[in-house]
Amino acid sequence: MRRHPWIFESAIAKGGGDSGETVRVESHEGQFLAWAAYSPSSRIRARVWSFDEAQRIDAPFFIAACARSIIARARFDIQSDGVRLVHGESDGLPGLIVDRYGDTLVAQFTSAGTERWKNVIADALLRETGLSKLYERSDASVRALEGLAPATGWLRGGEARLGEAPPPLELSIQEHHWRLTLNIAEGHKTGFYLDQRDSRQRFADYARRLGFQRVLNCFCYTGGFSVAALAGMRAAEAAGGRAGGQVISIDSSAPALERARAHVSLNGFDVNRASFLDADVNASLRQFLKEGQRFDAIVLDPPKFAPTAAHADRAARAYKDINRLALQLLSPGGVLFTFSCSGGISADLFHKIVASAGADAGVDGYILERLGGAPDHPMTLEFPEGEYLKGLVVMRKG
Ligand code: SAH
């Protein structure tokens with residue numbers, strides 16, 4: 001039998017419960033199927049905690065689940081002190097996201113079940129990590145689908161002791177060979193895109209090996225890929241390569257760009273080699289094309305164009321558009337790192353979209369690699385929906 005953690009409204013004949021209440025799920029014949037958290041207003045009407053009839057859903061259950069998830073991270077290859085400790089369904093905790101930035105935890109409770117058990121989960125997380133600070137960022141829009149209002153602020157460890165400053169919201173992490181900062185109260189998601197950690201390292205590897213001179217980082221957020229490119233370019237120069245390469249970064253968020261700019265000097269790179277555009281990517285790509293510009297490397301890491309499969313058509317057109325423009329802007333031998341973080345677009349469909357962008361651009365390329373989320377954002381055998389982030393590395397034929 002295939003075990004899947006979601007029970008849709010349409011699959012339920014009778015029964016119910018309060019928001020977040022643990023319910024016993026049975027087959028038509030009355031056979032036990034699972035213990036699940038009931039969510040009266042969501043289309044995903046119940047999310048499974050356990051398929052084991054003997055399991056009690058109580059504090060020890062959450063302590064054990066958090067412990068398993070955290071121990072798994074110690075076995076994964078994670079080159080950072082910014083780590084996703086709990087990745088929802090993939091870790092057996094539907095609706096719970098927990099990121100660790102140094103000594104601070106940031107959690108998102110996005111389901112009725114995790115909301116109900118919030119205090120127990122908070123204590124379990126501190127106990128299993130040995131840390132004392134936990135900030136809540138339950139402001140994701142999906143909470144509304146569960147009938148939950150946004151909630152943000154310190155859940156644990158936020159009290160300023162007499163004569164001491166409150167804990168900082170401004171943090172920094174060491175990822176691979178670079179340092180990056182974030183604000184856990186104001187940044188996107190829990191503050192940072194940890195899922196792209198290893199793709200940033202891959203980008204640095206290509207920059208070093210190929211000695212990029214002109215790099216374009218689209219949807220740069222706080223400039224992670226820009227810093228990675230500069231790190232790779234510096235290594236190439238140190239090995240005798242050409243000096244003076246440039247990185248252009250584009251985003252529509254002014255605070256993100258400001259932070260991206262700060263990351264350049266924080267990591268010891270020459271600020272004159274990096275420029276930042278507060279602009280719409282699509283319009284900028286068209287403008288660059290008109291100007292006849294060319295790039296050795298382009299990153300396309302757009303926001304989720306298709307939150308669900310229902311939006312896939314329109315999203316596919318948007319992905320195709322930017323990929324067509326990017327492929328046209330690549331120099332022969334240039335490299336495109338292109339991504340989709342839309343759950344509604346499969347890896348296969350994304351591949352087809354990029355292929356048809358190439359056909360429209362009249363550009364062929366070698367698909368050098370397929371990329372995915374970092375290992376602390378796992379997909380599992382039982383939950384294929386866990387695959388949301390996919391990427392391709394395409395080298396334009398010369
Ligand atoms: N690559 C980044 C994460 C990108 S997240 C990293 O490694 O950290 C997507 C980014 O796209 C967000 O920062 C958002 O502000 C930006 N964005 C969304 N729509 C945009 C648009 N039309 N033009 C430019 N930037 C946009």
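Glycine 365 came up as partly exposed, with a relative accessible area of 22%; I use buried for under 20% relative accessible area, exposed for over 50% and partly exposed for in between, with a 1.4 Å probe and protein chains only. Before going on I noted that this is a predicted model, in which local features need pLDDT of at least 70 and side-chain atom pairs count only at pLDDT 80 or more, while totals for chains, interfaces and linings use all residues. Residues are numbered from 1 along each chain as its sequence is written, and side-chain values use heavy atoms, with hydrogens and water left out.

I placed glycine 365 in strand 17 (residues 365–372); helices (H or I, at least four residues) and strands (E, at least two) are DSSP runs, numbered from the N terminus. I also looked up the spacing from glycine 365 to glycine 398, which is 33 residues apart from it along the chain, and found their C-alpha atoms separated by 8.7 Å.

**Ligand**

Next I asked which residues are closest to the ligand. I found 15 residues surrounding the ligand, and the closest are Arg200, Asp251, Asp280, Val281 and Asp301; a residue counts as near if one of its heavy atoms lies within 4 Å. By class the shell holds 8 nonpolar, 3 polar and 4 charged residues, where Ala, Val, Leu, Ile, Met, Phe, Trp, Tyr, Cys and Pro count as nonpolar, Asp, Glu, Lys and Arg as charged, and the others, Gly among them, as polar.

I then went through the polar contacts, meaning pairs of N or O atoms within 3.5 Å; within protein, one atom must be able to donate a hydrogen and the other to accept it, and residues adjacent in sequence count only if both atoms are side-chain atoms. An oxygen atom of the ligand lies 2.6 Å from a polar side-chain atom of aspartate 251. For nitrogen atoms of the ligand I noted a polar backbone atom of serine 252 at 3.1 Å and a backbone N or O atom of valine 281 at 3.0 Å. The ligand taken alone exposes 580 Å², and the protein buries 88% of that, with areas from the Shrake-Rupley method and a 1.4 Å probe.

**Aromatic rings**

How many aromatic pairs does a search of the whole structure find? I recorded 17, taking rings of Phe, Tyr and Trp (its six-membered ring) as paired if their centres lie within 6.5 Å, with planes under 30 degrees apart counted as stacked, over 60 as edge-to-face and the rest as tilted. Phenylalanine 203 and phenylalanine 337 have ring centres 4.9 Å apart and planes at 70°, so I logged the pair as edge-to-face. Phenylalanine 203 lies in helix 5 (residues 197–210) and phenylalanine 337 in strand 16 (residues 330–340), so the pair ties together parts that are 134 residues apart in sequence. Phenylalanine 203 is buried at 0% relative accessibility, and phenylalanine 337 is buried at 0%.

I logged phenylalanine 225 and phenylalanine 339 as a tilted pair, 5.8 Å centre to centre and with 40° between the planes. This pair links distant parts of the chain, as phenylalanine 225 is in helix 6 (residues 224–238) and phenylalanine 339 in strand 16, 114 residues apart. Phenylalanine 225 counts as buried at 4% relative accessibility, as does phenylalanine 339 at 1%. I noted one aromatic cluster formed by Phe203, Tyr206, Phe212, Phe225, Phe337 and Phe339.

For charges over rings I required NZ of Lys or CZ of Arg within 6 Å of the ring centre and within 35 degrees of the ring normal. Arginine 200 lies over the face of phenylalanine 225, at 6.0 Å from the ring centre, and the charged end of lysine 118 sits over the ring of phenylalanine 109, 5.4 Å from its centre.

**Backbone angles**

Most residues other than glycine have a negative phi, and I looked up two residues with this in mind. Histidine 176 has a positive phi of about 45°; it is found in the loop between strand 10 (170–175) and strand 11 (178–183), and it is buried at 15%. Tyrosine 221 has a phi near 50°, lies in the loop between strand 12 (214–218) and helix 6, and is buried with a relative accessible area of 10%.
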